[in-house]
Amino acid sequence: MKDQSMRRSLVDATRSIASKGLNSGTSGNISLRLGEDGMLITPTGISPEKLDAAAMVEMTLEGRWDGDFRPSSEWNMHAGIYRAFPQAQAVVHAHPDHCVALSCLRQGLPAFHYMIASFGGDDVPCSDYAPFATADLAGAVVRTLAERNACLIANHGMIAYGPDLATALARTEKLETLARQYMIASMMGRPVMLTADELSVVKDRYKTYGQQRPA
């Protein structure tokens with residue numbers, strides 16, 4: 001039952017980000033961690049409207065899988081994140097327009113807005129370039145995600161992880177929103193960056209942001 005629920009959640013998530021314009025066609029991929037050495041990931045080359053639960057691929061982090069459907073060609077990125085970051089339970093890789101545009105400039109998102117701090121640092125960096133669907137790209141992404149939970153991928157798109165699928169999806173949508181806002185601000189002038197001290201205050205406030213359990 002849990003396996004079916006996880007499979008269904010990946011189908012729903014894939015359709016959701018496509019409906020919001022964060023992906024088009026068969027681009028992008030989503031996964032969930034399975035135990036210590038496995039993951040459940042969307043298949044390669046199937047459009048969101050044709051996906052069903054049976055098409056989700058169970059595989060090891062070393063790349064072994066069985067079944068009728070091949071895993072996403074970018075499985076290496078997902079596996080690399082699960083190996084490097086024990087807190088990662090879900091990964092979303094997408095190609096939203098504004099993130100892609102910045103990634104093609106090989107430019108990350110600087111501290112123009114306080115919400116940048118929610119991604120773990122003082123910026124959202126852009127990875128070095130490597131060909132898609134390669135171990136080299138996975139390595140570049142993992143290095144860039146040090147002390148971050150999302151990054152841009154050079155000439156490609158973005159990737160985010162979270163402690164659950166809802167968080168990874170929310171970070172994906174937030175990153176695209178901030179990329180769009182940064183590009184709008186940059187067209188109007190030079191955005192004013194927050195200082196290190198200002199960001200430090202934001203990070204402290206984020207520790208108690210949202211619904212908290214009573215002491």
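Colleague: How far apart should the ends of helix α5 be, and what do you get?

Modeller: At 1.5 Å a residue, the 24 residues of α5 (165–188) should span 34 Å, and the end C-alpha atoms are 35 Å apart, which agrees. The expected span is 1.5 Å times one less than the number of residues. Helices here are DSSP runs of H or I with at least four residues, strands are E runs of at least two, and both are numbered from the N terminus.

Colleague: Before we go on, what are the ground rules?

Modeller: It's a predicted model, so local features need pLDDT of at least 70 and side-chain atom pairs count only at pLDDT 80 or more, while totals for chains, interfaces and linings use all residues. Residues are numbered from 1 along each chain as its sequence is written, and side-chain values use heavy atoms, with hydrogens and water left out.

Colleague: Which residues of α5 are buried?

Modeller: Leu-165, Ala-168, Leu-169, Thr-172, Leu-175, Glu-176, Leu-178, Ala-179 and Tyr-182. Buried means under 20% relative accessible area, exposed over 50%, partly exposed in between, with a 1.4 Å probe and protein chains only.

Colleague: And what do they pack against?

Modeller: Helices α1 (2–19) and α3 (97–104), plus strands β1 (29–34), β4 (90–94), β5 (150–153) and β6 (157–162).

Colleague: What caps the N-terminal end of α5?

Modeller: Asp-164 does, with a side-chain oxygen 3.4 Å from the backbone nitrogen of Ala-166.

Colleague: Switching to rings: how many aromatic pairs turn up?

Modeller: A search of the whole structure gives 3. Rings of Phe, Tyr and Trp (its six-membered ring) pair if their centres lie within 6.5 Å; planes under 30 degrees apart are stacked, over 60 edge-to-face, the rest tilted. One of the pairs is Phe-85 with Tyr-161, stacked at 5.3 Å centre to centre and 20 degrees between the planes.

Colleague: Where do those two sit in the chain?

Modeller: Phe-85 is in the loop between α2 (75–84) and β4, Tyr-161 is in strand β6, and they are 76 residues apart. Both are buried. Another pair is Phe-112 with Tyr-182, tilted, at 5.2 Å and 55 degrees.

Colleague: Why does that one tie together separate parts of the sequence?

Modeller: Phe-112 lies in the loop between α3 and α4 (135–144) and Tyr-182 in α5, so the pair joins parts 70 residues apart in sequence. Tyr-182 is buried, with a relative accessible area of 10%, and Phe-112 counts as buried at 15%.

Methods:
Contact = heavy atoms within 4.5 Å. Polar contact = N/O pair within 3.5 Å; in protein donor to acceptor, adjacent residues only side chain to side chain.
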